[in-house]
Amino acid sequence: MNLLRIDKLRKAHGPRVLFELEAFSLDAAHAYVLTGINGAGKSSLLRVLAGLEPGQASGVTWQGRPMAWSPYPRALREAIVYVHQHPVMFSTSVAANVGYGLHARGVGKAQTAQAVAQAMAWAGVEHLQGSDPARLSGGEVQRVALARAWVLRPALLLLDEPTANLDGAAREQVIALIPALTAAGSTVVMACHDRDLIGMPGVQRLKLRDGKLEYK
Ligand SMILES: Nc1ncnc2c1ncn2[C@@H]1O[C@H](COP(=O)(O)OP(=O)(O)OP(=O)(O)O)[C@@H](O)[C@H]1O
């Protein structure tokens with residue numbers, strides 16, 4: 001089933017066209033890796049998809065419903081979550097970080113607490129509940145950021161270099177969460193250079209090259 005289709009998706013910085021995609025399309029509950037050389041525009045594409053940066057498009061179809069691209073549709077804002085390569089942790093508690101999005105959406109305290117506990121268990125970070133977010137390791141930050149995204153049950157999760165700067169067990173733990181996301185019904189797009197993510201079974205490879213997408 002198609003999740004998202006955007007026609008004539010284009011991003012330019014002044015006269016420099018970063019990408020111009022005839023038809024960008026993602027299926028529901030699928031994982032994609034987005035590769036391309038440094039500066040190819042991977043992060044920019046993810047950020048445009050999440051509505052964090054402006055981009056032009058002629059039209060969008062979301063879960064089979066056609067809609068205008070501009071202003072950025074509310075249905076997309078509610079269903080798409082972007083996770084930064086270096087996620088920013090608020091200096092409250094780890095649990096408050098995970099529950100932040102639910103709180104912002106007006107979900108009650110008891111329901112939030114339950115969802116946060118579930119999300120932290122899912123990401124294997126329950127033990128960090130009371131930790132100072134400023135003292136987390138890189139791998140812990142990534143997993144807390146994934147829990148913070150997962151708790152919102154996004155239909156589309158955009159991960160910007162989720163394993164960059166991680167090695168050993170921390171990297172393995174983050175990689176292991178990816179199939180769990182698609183199994184739960186989310187579509188995941190990961191911008192990355194990580195060979196293990198790129199080679200993961202069942203993952204569709206997309207390459208951004210000279211402003212166009214190649215399907216590998
Ligand atoms: N606000 C901006 N104004 C002008 N150019 C920009 C702006 N933001 C990004 N760029 C340029 O757009 C290009 C694409 O950047 P982007 O971060 O999307 O690439 P990337 O493929 O994610 O690279 P990397 O693999 O190094 O993370 C880069 O050349 C960058 O310098």
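Strands here are DSSP runs of at least two E residues and helices are runs of at least four H or I residues, both numbered from the N terminus. Keep that numbering in mind for the loops visited below.

**Whole chain.** Start with everything displayed. This is a predicted model, with ipTM 0.95 and pTM 0.94. The mean pLDDT of the protein is 94, and 100% of its residues reach 70 or more. Colour by secondary structure to see seven helices and 10 strands. The radius of gyration is 17 Å, close to the 17 Å that the globule rule gives for 216 residues, so the protein is as compact as a globular protein of that length. Of the 216 residues, 37% are buried. Among contacts with a separation of 6 or more, 70% join residues 24 or more positions apart.

**Ligand shell.** Now select the residues around the ligand: His 13, Leu 18, Gly 36, Asn 38, Gly 39, Ala 40, Gly 41, Lys 42, Ser 43, Ser 44 and Ala 191. By class they are three nonpolar, seven polar and one charged. Helix H1 (residues 42-49) supplies the largest share of this shell, three residues.

**Strand S1.** From the shell, pick His 13, which belongs to strand S1 (residues 2-13). His 13 counts as exposed because it has 10 C-beta neighbours inside 10 Å, the limit for exposed being 12 or fewer. Draw a distance from its C-alpha atom to that of Leu 49, 36 residues away along the chain: the separation is 16 Å. Then move to Lys 8, also in strand S1. Its phi is near 50°, a positive value in a residue other than glycine. Lys 8 counts as partly exposed because 14 C-beta neighbours lie inside 10 Å.

**Loop S4 to S5.** Gln 63 is the next stop, in the loop between strand S4 (59-62) and S5. Here too phi is near 50°, a positive value in a residue other than glycine. With 12 C-beta neighbours inside 10 Å, Gln 63 counts as exposed.

**Loop S5 to H2.** Finish at Pro 71, in the loop between strand S5 (65-67) and helix H2 (74-79). Show the backbone from Ser 70 to Pro 71: this peptide bond is cis, with omega near 0°. Most peptide bonds are trans, and most residues other than glycine have a negative phi.

Notes
Residues numbered from 1 in each chain as written. Predicted model: local features only at pLDDT ≥ 70, side-chain atom pairs only at ≥ 80, totals over all residues. pLDDT = per-residue confidence, 0-100. Near = placed C-beta within 6 Å. Nonpolar A, V, L, I, M, F, W, Y, C, P; charged D, E, K, R; others polar. Buried ≥ 20, exposed ≤ 12 C-beta atoms within 10 Å, placed from the backbone. Rg over C-alpha atoms; globule rule 2.2 N^0.38 Å. Contact = placed C-beta atoms within 7 Å.
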